[in-house]
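Subject: Handing over a structure

Hi there,

Here is the structure I promised to pass on to you. My notes on it follow just below.

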Amino acid sequence: LVGGGPGDPGLITVRGRQLLAQADVVVADRLAPRALLDELSPDVELIDAAKIPYGRFLAQEKINELLVEHAKRGRFVVRLKGGDPFVFGRGGEEMLACAREGIPVIVVPGITSPVAVPAAANVPVTHRGVSQEFHVISVHVPPGDARSTVDWPNLARSSGTLVLMMAVERIGMIAETLVQEGRSPETPVMVVQDGTLPTQRALQATLATVAERVTEAGIRPPAIVIVGDVVKVGQEVEMVRAERIP
């Protein structure tokens, strides 16, 4: 069970790359680093386990069955996931499915995108004197949805950094909720698309303007939304760099 990191193939761990090289079967997520798959030996069976929003979808139960089936045939199976297997990656479910069938599992943590993507955009999720806490939130269901377990009022009252995943298509509702619950509409926001990849691009806004700016720029998933004053640290870094360039 290998975390492949946030997208840049150079950000997989050494241990993860070693195990990938030993694989007989690789079951890969949509967000797993694709360049790593190009390095696989031709005799490695590659199974695409992509879950594409509003598109092709391989059910989690089927993925669990595939892992168990191939492992029981004596094959070395690597489940390659984007980020870290246990950060909104459903790795715990896959580990349990294997454990119930008596199949041993090696877990290799991965660099998780809620920390790596802000860093790639020069934004620290914590910064002395600015934020001493950060919260990572999955927004696969919007605020107010009966299925949501997110405490939006407490997040709005917190001064900590908010790192939102799967939030781009719901950013208007999210920003409105945070403002209604107490966050200043002038709170800085950064949206980073394709973080750590050559196609990375970042958009800066505030809670009051982010929905309009995201629409205007055509930002699409995968993207990370960062809410909080730490965004200003990244802005300061860019200003200092610009001043030092002749």
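Let me start with Leu 37, which touches Val 26, Ala 28, Leu 46 and Leu 80, not counting residues up to four places away in sequence; contact here means heavy atoms within 4.5 Å. Before going on, please note that this is a predicted model, in which local features need pLDDT of at least 70 and side-chain atom pairs count only at pLDDT 80 or more, while totals for chains, interfaces and linings use all residues. Residues are numbered from 1 along each chain as its sequence is written, and side-chain values use heavy atoms, with hydrogens and water left out.

Leu 37 lies in helix α2; helices (H or I, at least four residues) and strands (E, at least two) are DSSP runs, numbered from the N terminus. At 10% relative accessibility, Leu 37 counts as buried. The cut-offs are under 20% relative accessible area for buried, over 50% for exposed, and partly exposed in between (1.4 Å probe, protein chains only). Leu 37 and Val 26 are 11 residues apart along the chain, and 8.6 Å separates their C-alpha atoms.

Next, the sheet. Four strands form an open sheet in the order β1-β4-β2-β3, with parallel pairing; two strands pair if DSSP finds at least two bridges between them. β1 and β3 (45-48) stand at the edges with a single partner strand each, so one side of each has no neighbour in the sheet. The parallel strands β2 and β4 are joined by four bridges, and Ala 28 has Leu 80 in β4 as its bridge partner.

Helix α1 packs on this sheet, touching β1, β2 and β4, and its direction makes about 135° with that of β4 (axes are lines fitted to C-alpha atoms, for helices over the stretch in contact, and angles run from 0 to 180 degrees between N-to-C directions). Which residues of α1 are buried? In this helix (residues 14-21) they are Gly 16, Leu 19 and Leu 20. They cover an arc of only 105° around the axis, which puts them on the same side of α1; the arc is that of the directions from the helix axis to the C-beta atoms. Val 14 and Ala 21, on the other side of α1, are exposed. The cover over the buried residues includes β1 (2-3), β2 (25-28), α2 (34-37) and β4 (77-81).

Finally, have a look at Thr 187, in the loop between α7 (171-180) and β7 (188-193). Thr 187 is buried, with a relative accessible area of 9%.
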